[in-house]
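Hi,

Here is the model I promised to pass on.

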Amino acid sequence: MTKTALVTGAASGLGYELATLLAKDSFKLILVDIDAESLANVKAELEMKFSVEVVTLVKDLGIKNIAEAILHDIKNEPIDVLINNAGFGLFGSFVDTDWERESEMLHVHILTTTHLTKLVLEGMVKRGSGKILNISSLAAFQPGPLMAIYYASKGYMLSFSEAISNELNGTGVTVTALCPGPTETGFQKTVSADANTNKITFNMASAKSVAAYGYKSMKKGKIVAIPGILNKFLATIHRFVSRAMAAKIVRNIQEKNRNK
Ligand SMILES: NC(=O)c1ccc[n+]([C@@H]2O[C@H](COP(=O)([O-])OP(=O)(O)OC[C@H]3O[C@@H](n4cnc5c(N)ncnc54)[C@H](OP(=O)(O)O)[C@@H]3O)[C@@H](O)[C@H]2O)c1
C-alpha cells in the first residue's frame with residue numbers, strides 16, 4: 001500500500017531534498033510551503049521523475065491554527081511520515097529585530113511544528129507505526145546572541161523531539177531531531193545582515209548530503225542526528241566551557257560571518 005509523507009517547507013533547500021528522497025521511495029507526497037511558484041515546480045519535477053502523486057498546499061505556517069487547516073484540507077488523511085522542516089533565521093540584536101518576523105518564526109518553528117505533530121501522532125500510535133523528523137539545528141545546543149530567537153526556538157525543537165521520542169518508546173512511532181550545521185540553501189542568504197555579504201564558507205555542507213543523512217537517521221529511528229564530525233564536536237562545546245562562554249563564542253562567529 002502506498003504510504004503518505006507530509007513535508008513542510010518543501011519548495012527549496014532541505015525540504016526539497018527530503019521530498020525527493022521520499023519520492024524515490026515511492027511515497028505519496030503532501031508538500032506545504034509559502035512559495036507557490038517553487039512548490040508547483042517541485043510537484044511537476046517529482047511527478048515526472050518518480051511517477052508519484054504529489055499534493056501541494058500553499059500555506060503560511062506562521063499563522064494561528066494553520067496545522068488544523070492543513071489536516072482539514074487533506075481530510076485527515078493518515079500520515080506515515082511527517083517532516084517539520086519549514087523555518088528561517090533572523091539576524092540582529094533582539095532590541096532591534098522585527099517582532100512581526102520573530103512572532104512568525106516562533107509560530108513556524110514551535111507552534112505549528114508542535115500542533116502538526118500532535119495532530120498526526122494519534123493516528124500513528126493507533127496504527128503502531130510512523131516516523132517524524134523535526135529539523136532543528138546545531139544552534140539548539142547553546143545560546144545564540146544576534147540570532148537569539150532562532151537559537152532558542154531550535155533548542156525547543158530538540159528538547160521537544162527528545163522528550164516525545166522517549167514517551168513513544170514501544171509504540172512503533174519514532175521521532176528524530178536533525179541538527180544540521182551551516183548548509184548551502186536559501187536560508188544562509190536570509191540570515192545575513194545583507195543578503196549579498198554572507199561570509200560563511202567554512203564547514204558548509206550541501207543540502208543533498210544533509211538531507212540524505214537526516215533521512216537515513218529518521219528511517220533508523222535515531223533520536224538526535226548531527227551530520228558531520230566537526231558538527232558533532234561543536235554540539236558538545238557547552239560541556240567544556242560555561243554557557244556564558246559558549247554564548248561569547250557564538251556571538252564572535254555571528255559578528256564575523258554576518259558583517260555586523
Ligand atoms: N541552511 C542552514 O544552514 C540550516 C542549518 C540548520 C538548520 N536549518 C533548518 O533547516 C530548515 C530548512 O531550511 P533550509 O536551509 O532548507 O532553507 P530554505 O531553502 O530557505 O527552505 C525553507 C523553506 O521553508 C519555507 N518557509 C519559510 N517560512 C515559511 C512559512 N511561514 N510558511 C511556509 N513555508 C515557509 C521557505 O519559503 P520561502 O523561501 O518563500 O521563505 C522555504 O521554501 C529550517 O528549519 C532551518 O532552520 C538550516
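Below are some notes on the ligand and on one helix pair.

This is a predicted model, where local features need pLDDT of at least 70, side-chain atom pairs count only at pLDDT 80 or more, and totals for chains, interfaces and linings use all residues. Residues are numbered from 1 along each chain as its sequence is written, and side-chain values use heavy atoms, with hydrogens and water left out.

Ligand first. There are 31 residues around the ligand, and Asp33, Asn85, Tyr150, Thr185 and Gln188 come nearest (a residue is near if one of its heavy atoms lies within 4 Å). That shell splits into 12 nonpolar, 13 polar and 6 charged residues (Ala, Val, Leu, Ile, Met, Phe, Trp, Tyr, Cys and Pro are nonpolar; Asp, Glu, Lys and Arg charged; the others, Gly among them, polar).

As for polar contacts (N or O pairs within 3.5 Å), a backbone atom of Asn85 sits 2.7 Å from a ligand oxygen. A side-chain atom of Ser12 is 3.0 Å from a ligand oxygen, and a backbone atom of Ile34 is 3.3 Å from a ligand nitrogen.

Now the helices (DSSP runs of H or I, at least four residues). H4 (residues 99–127) and H5 (residues 148–167) pack at about 10° (between N-to-C directions of axes fitted to C-alpha atoms over the stretch in contact, on a scale from 0 to 180 degrees). They are therefore roughly parallel (under 35 degrees).

Cheers

Key:
Helix = DSSP H or I, 4+ residues; strand = E, 2+ residues; numbered from the N terminus. Parallel < 35°, antiparallel > 145°, perpendicular 65-115°, else oblique. Polar contact = N/O pair within 3.5 Å; in protein donor to acceptor, adjacent residues only side chain to side chain.
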